[in-house]
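Please consult the sequence and the model alongside the text.

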Protein chains: 2
Amino acid sequence: MKRKILITGGAGFIGSHLAEKLVDEGHSVIVLDSFITGSINNVRHLIGRDNFQIYRHDVTEPYSVEVDYIYNLACPASPIHYQRNPMKTLLTCIHGTINALDLAVKNKARLLHTSTSEIYGEPAEHSQREQSWGNVNSVGPRSCYAEGKRIAETLLVNYSKEYDVDIRIARIFNTYGPRMQVDDGRVVSNFITQALGNKPITIYGTGLQTRSFCFVSYLIEGLVGLMESDYSLPVNLGCPDERTIKEIAELIIQLVNSRSSIMYGPVPKEDPVRRKPDTSLAKKVLDWRPKINIEDGLHETIKYFQELWPAPVFCTSCYESISHIFSLS
Amino acid sequence: MKRKILITGGAGFIGSHLAEKLVDEGHSVIVLDSFITGSINNVRHLIGRDNFQIYRHDVTEPYSVEVDYIYNLACPASPIHYQRNPMKTLLTCIHGTINALDLAVKNKARLLHTSTSEIYGEPAEHSQREQSWGNVNSVGPRSCYAEGKRIAETLLVNYSKEYDVDIRIARIFNTYGPRMQVDDGRVVSNFITQALGNKPITIYGTGLQTRSFCFVSYLIEGLVGLMESDYSLPVNLGCPDERTIKEIAELIIQLVNSRSSIMYGPVPKEDPVRRKPDTSLAKKVLDWRPKINIEDGLHETIKYFQELWPAPVFCTSCYESISHIFSLS
């Protein structure tokens with residue numbers, strides 16, 4: 001069945017892959033993006049398709065469109081982005097979620113909200129199950145994002161009870177792939193950029209902290225599967241393939257065939273030590289399990305970065321010239 | 001030095017005691033209250049005093065007054081009240097805090113926000129220090145209050161950094177005393193009401209769960225001390241005198257000289273097992289330590305309930321007849 005689907009943050013890394021999949025499936029897709037961290041380059045290939053529309057809009061301001069499904073992805077997601085303007089991040093989580101909920105009520109639409117593994121903070125339990133309540137510093141440097149995403153979940157469950165909204169909540173773990181931003185300060189994008197330039201790869205901390213990276217195409221399958229499911233409580237989406245940061249660095253150096261060495265720097269404040277999703281709930285309720293093939297995924301991501309190299313184009317001024325983007329207000 | 005002081009929620013249990021103290025000290029006190037859980041009976045004795053004004057106003061709507069200090073207390077605080085309208089509770093925490101912060105910016109005023117021990121949830125650590133990050137269920141039945149209060153702290157620290165607001169954050173533990181509401185479902189008020197009526201005292205759970213009760217007058221001293229201090233990170237305010245619920249029930253039966261028996265009922269979902277503040281930070285930065293004399297405190301509280309007995313007056317319709325209360329809008 002073809003749907004009218006809204007994706008907030010649909011010009012971002014994950015949002016653009018989701019938009020592409022849904023456009024390819026023939027749904028009518030509307031993207032809203034403020035372009036604070038999203039990029040028109042991510043969706044340029046979709047512009048001109050009959051079933052794709054894109055609007056420049058900040059989701060902290062109310063908006064109105066007619067839709068069946070809402071994917072609420074809009075939010076800066078990398079620490080250097082979300083810490084650049086903590087209040088904006090917080091208000092995007094709060095008002096962005098309230099506005100999406102209001103739109104869902106008005107349209108009797110189903111709303112899938114993207115939460116994050118950051119809501120678990122630094123839990124005692126490893127790996128993280130959905131029942132974990134999390135261990136987060138409400139007044140710490142990551143609080144604008146972690147607490148913003150926590151209150152979004154709280155708003156969703158309480159609002160949905162009061163106004164009978166059909167909600168889905170995905171807790172997304174580390175994801176990588178083409179269209180990651182070169183300058184987002186994340187492990188995979190940083191390491192690839194440094195390796196391509198034969199510059200020292202910088203590991204913050206001992207390198208023994210772990211992450212579990214999911215290739216973006218599997219995540220998208222998980223998001224779409226969750227939207228189509230009947231499960232309205234939070235579900236982890238991520239890859240349980242836990243690796244040390246040092247392992248990732250060495251793998252990227254090898255895949256790029258780089259002359260980079262590894263340098264160590266001070267660990268950022270409140271950086272999580274281990275991060276690994278327990279995905280048994282997603283397996284059970286969505287029959288979803290990501291493939292574990294980090295070499296293939298990194299190969300594809302490196303290829304994307306190589307095509308941008310040495311002058312990655314993330315031009316903001318060109319947005320204005322694209323007639324398909326205009327304000328909703 | 002005499003100040004212009006705003007107290008939101010100043011007709012509530014704690015707010016009214018704070019208002020009384022500050023009026024008695026000669027400050028110019030303005031109270032805002034929506035009277036959703038506050039009562040005019042709590043501040044009736046202050047109406048007519050030259051340095052006291054009271055307005056009916058819901059803090060989720062913006063407001064403007066000229067003040068030096070803001071005490072932000074407005075929020076339903078007992079589980080039966082905050083769960084009656086979870087979205088209202090959440091929005092009071094969110095918009096009430098944002099509006100108080102905006103007012104503080106406009107006035108270059110100092111803002112003391114009352115947070116709660118509920119932000120610790122069910123932590124592994126006992127007793128609770130300010131460094132505890134908390135263990136809270138973001139989608140659970142208490143989330144509207146606990147997560148609402150957490151995001152308020154996050155809003156305070158991030159907003160204060162961005163707009164240079166002078167903030168104070170008090171994490172208040174269980175408090176009791178005169179002007180508790182008869183029908184708020186809390187341990188002390190419930191037990192006293194049942195004991196006075198010689199009805200069975202209902203303990204939910206085994207009665208071995210603990211709480212640490214602080215008499216309201218000591219808490220007020222702590223709040224005023226914190227406002228006058230230079231300390232802008234969260235500070236626990238509560239009494240470290242940990243008691244089991246069963247002990248409290250037996251003590252109240254004895255003090256009331258009641259014929260009540262004790263009955264046991266099912267424990268509410270996600271009710272905390274132990275709750276005890278570590279108050280060493282308050283001792284260090286405020287030189288504040290509450291007296292531990294639960295018998296005296298209960299005696300005074302029982303006297304208050306006896307004076308209301310058998311027909312406690314919490315009439316809402318009489319608000320309209322009091323000319324000092326009018327909307328700010």
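How many residues has helix α4 of chain A, and what distance does it reach from its first C-alpha to its last?

## Basis of the description

This is a predicted model, in which local features need pLDDT of at least 70 and side-chain atom pairs count only at pLDDT 80 or more, while totals for chains, interfaces and linings use all residues. Residues are numbered from 1 along each chain as its sequence is written, and chains are lettered from A and ligands numbered from 1 in the order in which they are written.

## Helix α4 of chain A

Helix α4 of chain A (residues 143-163) has 21 residues and reaches 28 Å from its first C-alpha to its last, close to the 30 Å expected at 1.5 Å a residue. The expected span is 1.5 Å times one less than the number of residues; helices (H or I, at least four residues) and strands (E, at least two) are DSSP runs numbered from the N terminus.

Of the 21 residues of α4(A), 17 are buried, so the helix is largely enclosed by the rest of the structure. A residue is buried if 20 or more other C-beta atoms, placed from the backbone, lie within 10 Å of its own, exposed if 12 or fewer, and partly exposed in between. A:Asp164 follows α4(A) and has a positive phi, near 55 degrees.

In chain A, 28 residues are in contact with 28 residues of chain B, contact meaning C-beta atoms, placed from the backbone, within 7 Å. On the side of chain A that touches chain B, α3 (86-107) and α4 each supply at least two residues, and the largest share, twelve residues, comes from α4(A).

Leaving aside neighbours within four places in sequence, B:Ile70 is in contact with B:Leu6, B:Ala100, B:Leu103, B:Ala104, B:Ala109 and B:Leu111.

B:Lys108 lies in the loop between α3 (86-107) and β5 (110-116) of chain B. This lysine, B:Lys108, is exposed, with 10 other C-beta atoms within 10 Å.

Terms used
Two residues are in contact if their C-beta atoms, placed from the backbone, lie within 7 Å.
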